[in-house]
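Hi everyone, thanks for coming.

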Amino acid sequence: MSERLDVKVLSRREELEALREPWSALWERCPAATVFQRPEWLIPWCRALGPEEVLALVVRSDEGLVGLAPLAVHRIGDERVVALLGAGISDYNDVLAVSGYERAVAEAALACLDERADAWDVADLHDLRGSSPLLLAEAPPGWSDEVEKHEACTAVTIPEGTGPDELFSPGLFARVARARKRLARAGELRVDVADAANVDELLDALFENHRARWRSRGEGGVLDEALQPFHREVARGLCARGALRLFGLRLDGRLIASLYGFAERGGLASYLTGFDPELSWYSPGLVMLASVIEHAAREGARTVDFLRGREPYKYDWDAVDRWTYRRRLRHRGGRGAAREVGQGDGQGAVQAVMSGEASPEVGLARLLGAAGDVAAAARAIDAARPAAGEGEPAARLEALRRCLDERRAACATVAAMLGAHRDARVAGADARGACQSAARLFDELCGRSEEASVAAYSLGDPEILARATREVIALLERWGAIGEDRAILQIGCGIGRFEAALAPRVREAWGVDVAPRMIEAARRRCAGRSNVVLAVSSGVDLGDAPPSRFDLVYAVDSFPYLVAAGAEVVDRLVAEARRALRPGGELAVLGYSYRGDPARDAADVARLAARHGFDVLVSGERAFSLWDGRAYRLRRIEDR
């Protein structure tokens with residue numbers, strides 16, 4: 001977004017309270033917002049549980065208030081922890097951002113933290129839904145970044161047009177009917193819904209029923225005396241907004257079960273329940289929840305969200321898990337980005353070979369890119385001999401020198417290709433422009449050496465490339481990702497080496513690439529293979545690849561170019577991969593970036609998985625002996 005935004009930092013909670021009405025108007029414009037981002041929730045939280053000072057960012061554009069990042073710094077032990085307001089008792093935390101401003105608001109929040117790095121130690125952003133802008137925004141250079149699954153929030157879907165008799169499975173419907181009959185024999189049943197007149201009475205009953213139920217189990221529950229004023233203020237405020245759904249089940253006028261929830265945007269969220277444990281034989285909780293779901297359906301709700309927690313009773317209603325995520329960021333003081341492969345004087349490449357981190361082939365490709373020509377690469381190897389000493393480091397250094405000496409002509413070609421690659425590393429005006437520049441570059445490189453154009457470490461040698469190809473195929477076999485009944489699609493297929501090798505082992509092998517000359521080379525390699533489909537793509541999508549068709553979408557050393565083209569390109573391609581995969585299909589990313597920062601890469605992949613509905617099965621595995629690419633394995637999940 002090129003529009004200039006005005007970002008103001010509020011440091012006192014009184015300033016937030018003064019923003020209440022614009023804040024409410026902003027909430028209404030944010031379709032993904034939940035009740036936990038409303039001022040009616042967070043202002044009482046600040047008064048009852050929050051710190052005196054906040055770190056809230058107010059983001060405005062020409063059209064007015066477009067974003068709010070409600071943060072604060074807490075001291076937990078010896079650490080100063082940045083968290084979102086409401087953390088701890090809110091099931092979904094997030095920023096507020098008008099559609100189109102999500103990334104800008106999240107990036108403004110991280111930039112603000114970067115500017116105030118001396119005021120905090122760790123940013124702990126948890127209970128984020130997979131669609132949260134805070135998962136998408138890239139951390140500033142020099143930060144550590146961890147993303148992990150956090151909590152399962154279970155939810156029931158109410159299909160459109162579902163009738164009253166179709167809301168529950170037959171077995172559950174029978175259980176509810178029996179429980180209602182038992183209660184009806186005990187007295188008159190009625191369900192009340194809170195309004196301004198009875199909200200306090202129903203809250204008192206909720207507090208008592210919740211406390212009694214948990215005491216009967218020898219536990220304290222989550223509603224101690226200190227929290228009750230908070231929830232009373234929240235309930236009154238949400239009631240005035242029409243968003244409170246506080247229910248009370250009466251038996252002969254006595255409130256025997258309660259459910260405290262919220263309604264908005266086509267759904268109902270169940271936050272807290274309670275019932276009189278002395279009447280547990282009558283299943284008042286079951287009757288209460290059935291009545292609430294029926295009420296929600298009558299109001300037109302499409303979901304009932306049980307929020308976090310995997311209590312067994314939730315799954316009786318066919319609830320499914322929708323995970324939230326936790327992102328932890330630490331500022332390490334560094335301001336410069338990690339060096340990319342191909343920069344510097346080449347000593348890093350030599351050291352990587354001596355330590356065993358890189359094979360001689362990969363190390364030599366790195367060295368040629370850094371040194372610029374064969375003679376400079378040879379000097380760098382010779383300069384390292386005194387430090388190599390004896391043993392394994394010396395043996396690896398000699399293997400590196402032998403690799404150079406035996407392939408000097410090929411190395412000269414690779415050095416020139418890497419130089420052209422480096423000189424062409426200029427971002428396009430937009431994502432498509434960057435992809436078009438990449439297409440021109442790879443067409444040129446393919447004309448010099450097909451093998452080296454897809455893997456510089458092959459040094460133009462078909463046998464080295466074949467070894468690397470076999471390593472990748474062995475990994476896919478180990479994962480169970482290929483088979484005669486499988487359809488697979490490669491992002492960035494290059495010269496078709498994988499399609500040619502895998503066609504006999506799968507039902508269909510598709511490949512797309514931005515470079516027309518590479519697709520021509522791929523078609524020559526795969527000539528006669530009727531189950532291979534190859535096509536030129538735009539680089540920002542998968543072209544005509546059909547939806548829900550593939551068991552595996554994979555990328556071998558192509559994601560680094562997507563990362564270089566920008567976060568939006570990566571985001572789009574992962575979304576495209578999900579579109580193309582069948583339920584339960586897998587996305588394999590082999591080599592994510594050339595940034596030299598595995599932790600940052602793993603965090604990026606975890607954020608992308610959360611955003612687009614994947615489970616991360618393998619994160620950054622070093623799976624190969626020849627190639628240094630790290631492996632990521634993601635599986636498409638259906639409920640996000």
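Let's start with a word we'll need: buried means under 20% relative accessible area, exposed means over 50%, and partly exposed is in between, with a 1.4 Å probe and protein chains only. By that rule Trp143, at 3% relative accessibility, counts as buried, and Trp120, also at 3%, counts as buried.

Quick background. This is a predicted model, where local features need pLDDT of at least 70, side-chain atom pairs count only at pLDDT 80 or more, and totals for chains, interfaces and linings use all residues. Residues are numbered from 1 along each chain as its sequence is written, and side-chain values use heavy atoms, leaving out hydrogens and water.

So, how many aromatic pairs does a search of the whole structure find? It finds 20. Rings of Phe, Tyr and Trp (its six-membered ring) pair if their centres lie within 6.5 Å; planes under 30 degrees apart are stacked, over 60 edge-to-face, and the rest tilted. Trp120 and Trp143 make an edge-to-face pair, 5.3 Å centre to centre with 70 degrees between the planes.

Next, Tyr561 and Tyr594: their ring centres are 5.7 Å apart and their planes at 90 degrees, so that pair is edge-to-face. Tyr561 is partly exposed at 28%, and Tyr594 is partly exposed at 27%.

There's a cluster, too: ring pairs link Phe36, Trp41, Tyr92, Phe230, Tyr260, Phe262 and Tyr271.

Last, charges over rings, meaning NZ of Lys or CZ of Arg within 6 Å of the ring centre and within 35 degrees of the ring normal. Lys149 lies over the face of Trp323, 4.6 Å from the ring centre, and the charged end of Arg182 sits over the ring of Trp281, 5.0 Å from its centre.
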